[in-house]
Amino acid sequence: MQERLNDEVCQEQQEPPSIRLHDSPVIRYLYLAAGFAALILAVAGIVLPILPTTPFILLAAACFARSSKHFHDRLLANRIAGPIIREWIEHRSIPRRVKRWVYFLLAISFGSSILMMPSVWHQVMLAVLGIILVVFIWRIPVRDLPAVP
């Protein structure tokens, strides 16, 4: 009995419970396609001010976790996206430095976009979208990372 319990604990430590491939191959292909679509949108979000990058990366990670262990592991191994995804999986939070970086990029991208828009209607629309994004990001919990000795 104790041996079986130890085996279950070891299995839980090796692979997080959120990584479980879907049983149906058709659904796995749909998740895989959605994961690649989210990844493409995340890459587009790097240069487009309206598209947020981080939520699409998290969505891609969730889709890959249900469709392909290979692509999920590759996304987690990425030096930029991997730590953010692991932080979200383990603690449902983002590091404070990432949140500050997001606020800075939002201010730069939305500020420059608002200044370039000739129509007041578009400027107001962008300002409202920016405020909605800031409130959304503000509500995400922050976890301070331990200091490296």
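Select Ser93 and show what it touches: Glu87, Trp88, Pro141, Val142 and Arg143, leaving aside residues up to four places away in sequence (contact means heavy atoms within 4.5 Å). This is a predicted model, where local features need pLDDT of at least 70, side-chain atom pairs count only at pLDDT 80 or more, and totals for chains, interfaces and linings use all residues. Numbering starts from 1 along each chain as its sequence is written, and side-chain values use heavy atoms, with hydrogens and water left out.

Ser93 sits in the loop between α5 (81–91) and α6 (96–116); helices here are DSSP runs of H or I, at least four residues, numbered from the N terminus. With 3% relative accessibility, Ser93 is buried (buried is under 20% relative accessible area, exposed over 50%, partly exposed in between, with a 1.4 Å probe and protein chains only).

Next, select α4 (residues 69–77) with α5: they pack at about 110 degrees, axes 6 Å apart (axes are lines fitted to C-alpha atoms over the stretch in contact, and angles run from 0 to 180 degrees between N-to-C directions). So α4 is roughly perpendicular to α5, a label for 65 to 115 degrees. On the α4 side, pick His72, Leu75 and Leu76; they meet Ala81, Gly82, Ile85, Arg86 and Ile89 in α5.

Last stop: Phe36, Phe64 and Phe71, which form one aromatic cluster (rings of Phe, Tyr and Trp, the latter by its six-membered ring, pair if their centres lie within 6.5 Å). Phe64 is buried at 2% relative accessibility, whereas Phe36 is partly exposed at 33%, and Phe71 is partly exposed at 27%.

How values were computed. Helix = DSSP H or I, 4+ residues; strand = E, 2+ residues; numbered from the N terminus. Parallel < 35°, antiparallel > 145°, perpendicular 65-115°, else oblique. Phe/Tyr/Trp six-rings, centres within 6.5 Å; stacked < 30°, edge-to-face > 60°.
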